[in-house]
Each structure stands twice: as C-alpha cells, then as structure tokens.
Amino acid sequence: MPPRPPAPPARFDDPRWAAAVALIVLLAAGVAQAQAVAAGQPGVVETILKWTPLIGTGFALNVAISAIAMAAGTLLGLGLGLCQISLLPPVRAGSWLLTQFFRNAPWLVLLFWCIFVLPFRVTVFGATVDIPNWLRATIGLTLPVMANVSEIVRGAVRSLPGGQWEAAESLGFNRGQTLRMVILPQCLKRMTPPWMNLYAIVVMSTPLASIVGVEEAMALTRGALNAERRGDLLIPMYGALLLAFFAYCWPIARATRWLEHRARVRA
Amino acid sequence: MELIAEFFRGLRASTGLNFTIFYDPFDAARFWRAFVTTCELALYSVALSLAIGVAGAFAQGARFAPLRWLVNGYVAFFRNTPPLVQMYFFFFALGAITPTVPDDIGMEVPLVSNFAWALVALSLFAGAFNVEIFRSGIEAVPRATVEATEALGYTRLGAYRHVVLPLAFRVCLPALNNNLVNLVKTTTLAYAIGVPEMLYVANQIWSDALNVTEMMNVLLLLYIGLVSLLVWLMHRWERALRMPGYGA
C-alpha cells in the first residue's frame with residue numbers, strides 16, 4: 001500500500017468559510033423572501049433592511065460596552081497580575097484569590113450581581129448622577145476581564161526563562177526596572193494573542209446584557225421580532241444577528257491566529 | 001436538618017440575612033431541584049461536547065473534502081458568534097418550526113423541550129472549541145508515530161482510536177480543562193430560555209423573598225464550588241493519565 005499523503009492541515013480561518021456561511025444565509029433569506037412575496041407580505045430582506053439602522057445602533061452599544069470593559073479590565077488586570085507575582089506572600093495570596101474568584105464565577109451571575117447590588121444613583125459632591133444600566137453591565141463584564149487579564153499577565157511573566165531575571169540583576173537593575181524594561185516588553189508580544197482572544201470572548205458576551213435589560217442588538221432584535229409578529233422572520237433575523245457578530249469576531253480570530261503563527265515561526 | 005433551619009431562622013431574626021432556601025421547605029425544594037438541573041445540564045453538555053470534539057477532529061483529517069469543509073465551517077461559525085444568540089436562534093427560531101406532540105392531558109407541547117435546546121446549543125458551542133482543542137492535540141502527535149501505525153496495518157479509524165487520540169488527549173487536557181470550566185459557567189445562559197436551573201430559580205426566589213444579595217452570594221459560592229470540583233477532578237485525571245517523558 002503506498003503511503004497515504006498527509007491530510008492538508010485543517011484551517012478553520014480559511015476565507016472560504018466566511019463566503020460559504022454568507023452564501024447559506026443568503027440562500028435561506030432568498031427562500032424566505034420568495035415565500036413572503038407569495039403570501040403578499042413585505043419581503044424578508046426589506047424587513048431586515050428596515051430594522052438594520054435601529055439594530056445597528058444597538059450593535060454599536062455592544063461594541064462600546066466591549067471596548068470599555070476591555071480597556072478598564074486590562075488596566076485593572078495588569079495591576080492584579082503584577083500583584084500575583086509580588087514578592088510579598090499576602091499580596092500574592094490575596095490577588096490570587098481575587099483572580100480565581102472572578103475567573104471561576106459565571107459571567108451572567110456577575111452581571112446580575114452588578115445590576116442588583118451596585119447603586120443605580122450616586123451623589124457626588126452634591127450632584128446626583130444616575131448610573132445607566134449599560135454602565136453597570138459594563139462594570140459587570142469588567143470584573144471577569146480583569147481576572148482573565150491577570151492570569152494572562154502571570155502566565156506571560158512565568159513563561160519567560162529565569163535567565164532574563166538573573167541577567168537583569170547582574171546588570172544592576174532593581175526589581176521595578178527589570179519588570180519595566182526587561183520582562184514586560186517581552187511579555188507584551190506573548191500576551192497579545194490571548195488578549196485578543198479574550199476581547200472576542202467579551203464581544204460575544206455583550207448580548208448577556210440584554211438579559212439584565214440593556215437595549216443592545218440582541219434586545220432590539222427581539223423587540224423588532226415582537227413588533228413584526230411574523231414567524232417567517234425568526235430564522236432570518238436571528239441569523240442576520242449571528243452573522244453580524246460573526247463578521248465582527250471572525251477577523252479578530254484570524255488576526256489572532258496570524259500573530260500566534262508568526263510568534264511560533266520566530267521562536 | 002431542623003437545627004440548620006433553626007439557625008437560619010435565628011440569623012434572619014438577629015441580622016436580617018434571609019436565606020429562605022435553608023428553612024423554607026418550598027424554596028429549599030425548588031432550589032435544590034434547580035441545583036440538580038444545573039448539574040445535569042453541565043454533565044450532559046460536557047459529555048456531548050466531548051463527543052462532538054472527538055468526532056469533529058477525526059472528520060477534519062478525512063480525505064473526503066466536503067466533510068472537512070463542513071466541520072471547518074461549523075467550527076468557524078460557532079466559535080465566532082455569541083452563545084446567547086445561538087441559544088435564542090435554536091430555541092425561538094428553530095424551536096418555532098419543530099413539530100409539537102400532545103402530552104398526557106392533550107396539550108400540544110414542543111417535541112424538543114427548552115432543556116433539550118439548551119443542551120444542544122451549549123454542546124454545539126463548546127463542541128466547536130473542543131474540535132479545535134483536539135486538533136491541536138492531534139497535530140502534536142509525532143508524524144513518525146502515525147506512520148508506525150500505518151506500517152502496522154492500522155486503519156485510519158483504528159489508529160485514531162488506539163494511538164493518536166490517547167496521545168492527543170493527554171496533550172490537550174489543560175486546554176480541555178479550561179473549556180469545560182467555561183462550559184459549566186455558560187450553563188447559566190439556559191436562564192434566558194426559561195430552563196429552571198440555578199440562576200433562574202434563584203431569580204424566582206429573590207423576586208418572592210426580596211433577598212437578592214443573599215441569593216446572589218449563595219449562587220456565586222455554589223458555582224465556584226462546582227467549578228472547583230470539576231477543576232480538581234480534571235487535575236486528578238491529568239495526573240493519572242500522565243506519561244513519563246511527556247510534558248514537564
């Protein structure tokens with residue numbers, strides 16, 4: 001028996017998949033369109049286009065929530081991650097506990113926790129400020145982001161060879177300088193792929209905010225479906241929403257793949 | 001039991017902390033039933049997603065190209081769309097076109113219950129990640145090992161079952177561990193389609209008894225307990241499967 005040629009490496013991020021997925025959705029929309037026109041109702045595509053501007057603003061809120069949660073979570077997580085590699089045992093233990101707690105709690109439960117437990121109105125210097133729902137949801141998403149970034153930082157620092165620390169020490173760097181000038185710059189490259197991965201996960205978690213009453217894309221889609229009251233719209237509308245998220249997250253996944261691949265070749 | 005109930009009644013009287021689930025038989029019954037539902041949902045979806053991962057990773061190496069495309073398309077799509085939207089899509093969109101059957105009292109009930117839809121959605125979502133995880137494990141199996149199985153006359157399935165998968169499994173256990181933890185946490189999404197799991201019932205209880213903070217903390221502790229149990233089991237398993245000479 002001749003040796004079997006090795007199977008080509010499977011690649012989930014081949015651009016053809018996006019094309020295939022888009023094609024299937026278009027076909028499904030076309031079929032639904034034909035049926036709707038036959039039944040004398042406005043077509044499915046027209047209806048989706050009619051709602052697109054509204055749901056688009058909701059999607060912008062999804063993106064905003066994810067960006068704010070990611071930015072704040074990264075800053076907090078960076079600090080927490082550095083505390084995890086502190087030389088002081090109590091600091092290390094405390095930050096480890098905090099990280100594990102927020103990493104292992106379900107995101108939805110944390111979201112509920114922030115919605116119910118955080119005040120909906122605060123008084124700062126005599127001025128009363130309402131905290132909108134979406135901001136509290138953003139805080140709810142920031143906490144797990146913080147814990148995950150903390151683990152990414154710790155993992156990246158630990159993945160560097162110990163020789164780096166020793167070399168810096170022999171050159172007379174103190175611990176702060178070593179971290180700032182030697183360790184963290186090298187970690188940055190290692191942290192980028194998992195960090196981008198985390199961002200994709202955060203974007204995909206933003207629809208959770210609809211459960212706690214934030215008017216983002218998911219909630220608006222449900223609202224649109226309730227307003228239309230048409231069974232044949234269910235699959236196309238939810239399908240379009242899935243596709244919108246896919247269109248946003250998939251390039252991130254591809255870029256992450258590319259960065260990982262590049263790092264592997266260099267190593 | 002009566003002692004515990006007495007303690008929590010006393011706690012309510014003295015501090016105002018109202019843990020109804022420990023002294024109110026009705027709340028206790030529905031909460032522990034929800035706990036069991038969450039465990040069932042987690043257990044079944046872990047098993048199903050593992051099966052999807054194993055089968056999908058095998059199909060990714062198939063020589064029949066359309067099968068590979070199908071698996072790749074599935075993985076790309078489910079990895080890059082929000083699990084909540086997937087669940088709504090399954091329950092509301094696909095659930096609307098699945099047939100209904102009459103139940104004992106003649107009411108039309110859907111053939112696929114919301115628990116089953118949650119199970120399907122969660123398994124497909126986690127399964128897509130598992131396919132990728134198993135694939136990375138399979139890629140880590142040395143080429144020479146696969147060639148050796150060919151020389152010994154293994155079929156592709158035989159080699160996968162007896163040689164490649166056992167090796168790949170050990171390589172990808174840490175990543176798998178991570179994904180399964182995520183899956184257990186994601187079971188809370190079943191709340192959105194009305195599966196009476198812990199979050200859903202906790203919500204009912206705090207709507208009735210107005211003990212949001214107490215129930216919230218009970219929930220967090222229980223989920224962290226469940227996840228810790230899973231992590232502990234997986235670590236034990238990892239140690240039991242460890243091969244000398246492989247890994248650090």
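Visitor: In which helix is the place of Ala159(B)?
Guide: This is a predicted model, in which local features need a pLDDT of at least 70 and side-chain atom pairs count only at pLDDT 80 or more, whereas totals for chains, interfaces and linings use all residues. Residues are numbered from 1 along each chain as its sequence is written, while chains are lettered from A and ligands numbered from 1 in the order in which they are written. Helices (DSSP runs of H or I, at least four residues) and strands (runs of E, at least two) are numbered from the N terminus. The element of chain B that holds Ala159(B), covering residues 156-186, is helix α8.

Visitor: Is Ala159(B) buried or exposed?
Guide: A residue is buried if 20 or more other C-beta atoms, placed from the backbone, lie within 10 Å of its own, exposed if 12 or fewer do, and partly exposed in between. Ala159(B) has 20 C-beta neighbours inside 10 Å, so this residue counts as buried.

Visitor: Which residues is Ala159(B) in contact with, leaving aside its neighbours within four places in sequence?
Guide: Two residues are in contact if their C-beta atoms, placed from the backbone, lie within 7 Å. With those sequence neighbours left aside, the partners of Ala159(B) are Val146(B), Thr149(B), Tyr154(B) and Val164(B).

Visitor: Which element of chain B has the highest mean pLDDT?
Guide: pLDDT is the predictor's confidence in each residue, from 0 to 100. Chain B averages 88, and 98% of its residues score at least 70. Strand β2 (residues 108-110) of chain B has the lowest mean among the elements of that chain, 75, and the highest, 93, belongs to helix α3 (residues 25-60) of chain B.

Visitor: How far apart are the C-alpha atoms of Ala47(B) and Gly127(B)?
Guide: Ala47(B) is located in helix α3 of chain B. With 11 other C-beta atoms within 10 Å, Ala47(B) is exposed. Along the chain, Ala47(B) and Gly127(B) are 80 residues apart, and their C-alpha atoms are separated by 9.7 Å.

Visitor: What ipTM does the predictor give the complex?
Guide: The predictor supplies two scores for the complex. The pTM is 0.83, and the ipTM is 0.81.

Visitor: Which element gives the most to the side of chain A that touches chain B?
Guide: In the interface, 39 residues of chain A are in contact with 40 residues of chain B. At least two residues each come from α1 (15-38), α3 (89-104), α4, α8 (208-211) and α10 (234-266) of chain A. By class (Ala, Val, Leu, Ile, Met, Phe, Trp, Tyr, Cys and Pro nonpolar; Asp, Glu, Lys and Arg charged; the others, Gly among them, polar), this side of chain A has 32 nonpolar, three polar and four charged residues. With eleven residues, the element that gives the most is α10(A).

Visitor: How are α4(A) and α10(B) oriented to each other, and why?
Guide: Axes are lines fitted to C-alpha atoms, for helices over the stretch in contact, and angles run from 0 to 180 degrees between N-to-C directions. The axes of helix α4 (residues 107-117) of chain A and helix α10 (residues 212-241) of chain B come within 10 Å and cross at roughly 160 degrees. Angles under 35 degrees count as roughly parallel, over 145 as roughly antiparallel, 65 to 115 as roughly perpendicular and the rest as oblique. The crossing angle therefore makes α4(A) and α10(B) roughly antiparallel.

Visitor: Which hand has the crossing of α4(A) and α10(B)?
Guide: A crossing is left-handed if the near helix is turned anticlockwise from the far one by less than a right angle, and right-handed if clockwise. For α4(A) and α10(B), the crossing is left-handed.

Visitor: How many nonpolar residues has the contact of α4(A) with α10(B)?
Guide: From α4(A) come Val109(A), Phe112(A), Trp113(A), Phe116(A) and Val117(A), and from α10(B) come Val212(B), Thr213(B), Met216(B), Leu219(B), Leu220(B) and Tyr223(B). There is one polar residue and no charged residue, and the nonpolar residues number ten.

Visitor: How do α4(A) and α5(A) lie to each other?
Guide: Helix α5 (residues 133-159) of chain A packs against α4(A) at an angle of about 135 degrees, with the axes 8 Å apart. Their crossing is right-handed. The two helices are therefore oblique.

Visitor: What is the phi of Arg229(A)?
Guide: Most residues other than glycine have a negative phi. Arg229(A) sits in the loop between α9 (217-228) and α10 of chain A, and is exposed, with 7 other C-beta atoms within 10 Å. Although this residue is not a glycine, its phi is positive, at about 50 degrees.
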